[in-house]
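Take a look at the structure first, then read on.

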Amino acid sequence: QKEVEQNSGPLSVPEGAIASLNCTYSDRGSQSFFWYRQYSGKSPELIMFIYSNGDKEDGRFTAQLNKASQYVSLLIRDSQPSDSATYLCAVNKENTGNQFYFGTGTSLTVIP
Amino acid sequence: DAGVTQSPTHLIKTRGQQVTLRCSPKSGHDTVSWYQQALGQGPQFIFQYYEEEERQRGNFPDRFSGHQFPNYSSELNVNALLLGDSALYLCASSHVGGGQNEQYFGPGTRLTVT
């Protein structure tokens, strides 16, 4: 079983719509959760992190965490073509130092 | 505020050769982690350095080794290169005890082994 699982997509949404990206993790000892955006040929860029159950909002982005269901999601409101990228979910597990486990990423395309 | 830097940007090597990649962490950060990202995959953790010691190691062979210097910069060395080592090598820096230890990536080094 993979540590972190994401739907690889591709996910396509029209400009202005809400994009919903999902991630599940296998270890209940996971402590912190991160979303990275990666444009083709570039390195991952941190956009959100969350460690408590509930929602965390930052501009057009909202991260949602449900530890009971071992589920973390990222909502992108008012999606723009510039949001087209691969979104990587990462978790940091207890007692593994600061080792991050990444999913394979979800490819998002925002259609103008 | 200087971000994470890596060098070189691109590198082409032949099977069996050795390679050294370099990373300077973000200002104020003291921990460096190295990841390998194959095409279409998420980054895979290689190892992490803090206080000039390897603190954590992922499932990579001993051909992969590293070092951290007193100024917190780091090197990744790969010996006896294989074709399968072709990937994007990412360095991420963080600060122990800083928030949720969020990691920030450098631009990466694209290694091609022929």
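## Where the chains meet

In this predicted model, 4 residue pairs are in polar contact across the interface of chain B and chain A, with both residues at pLDDT 80 or more. The side of chain B that touches chain A draws two or more residues from each of β4 (31-37), β5 (44-50), β9 (87-94) and β10 (104-105) of chain B. Of these, β9(B) gives the largest share, 3 residues. Sorted by class, this side of chain B has 8 nonpolar, 11 polar and 1 charged residues.

How many salt bridges are there between chain B and chain A? The count is 0 salt bridges. The table gathers some values for this pair of chains.

| Item | Value |
|---|---|
| Residues from chain B in the contact | 20 residues |
| Residues from chain A in the contact | 20 residues |
| Area buried between chain B and chain A | about 1600 Å² |
| Share of that area on carbon and sulfur atoms | 53% |

Now for a sheet within chain B. Four strands form an open sheet in the order β1-β3-β8-β7 (chain B), and their pairing is antiparallel. At the edges lie β1 (5-7) and β7 (64-68) of chain B, each of which pairs on one side only. On average, neighbouring strands of this sheet are turned by 20 degrees against each other, direction ignored.

Within this sheet, the antiparallel strands β3 (residues 19-24) and β8 (residues 74-78) of chain B are joined by 5 bridges. Here B:C23 stands opposite B:S74 in β8(B).

Key. Residues numbered from 1 in each chain as written. Chains lettered and ligands numbered in written order. Predicted model: local features only at pLDDT ≥ 70, side-chain atom pairs only at ≥ 80, totals over all residues. Heavy atoms only, no water. Contact = heavy atoms within 4.5 Å. Buried area = accessible area lost by both parts, 1.4 Å probe. Salt bridge = Lys/Arg side-chain N within 4 Å of Asp/Glu carboxyl O. Polar contact = N/O pair within 3.5 Å; in protein donor to acceptor, adjacent residues only side chain to side chain. Nonpolar A, V, L, I, M, F, W, Y, C, P; charged D, E, K, R; others polar. Pairing = 2+ DSSP bridges. Axes fitted to C-alpha atoms, helices over the stretch in contact; angles between N-to-C directions.
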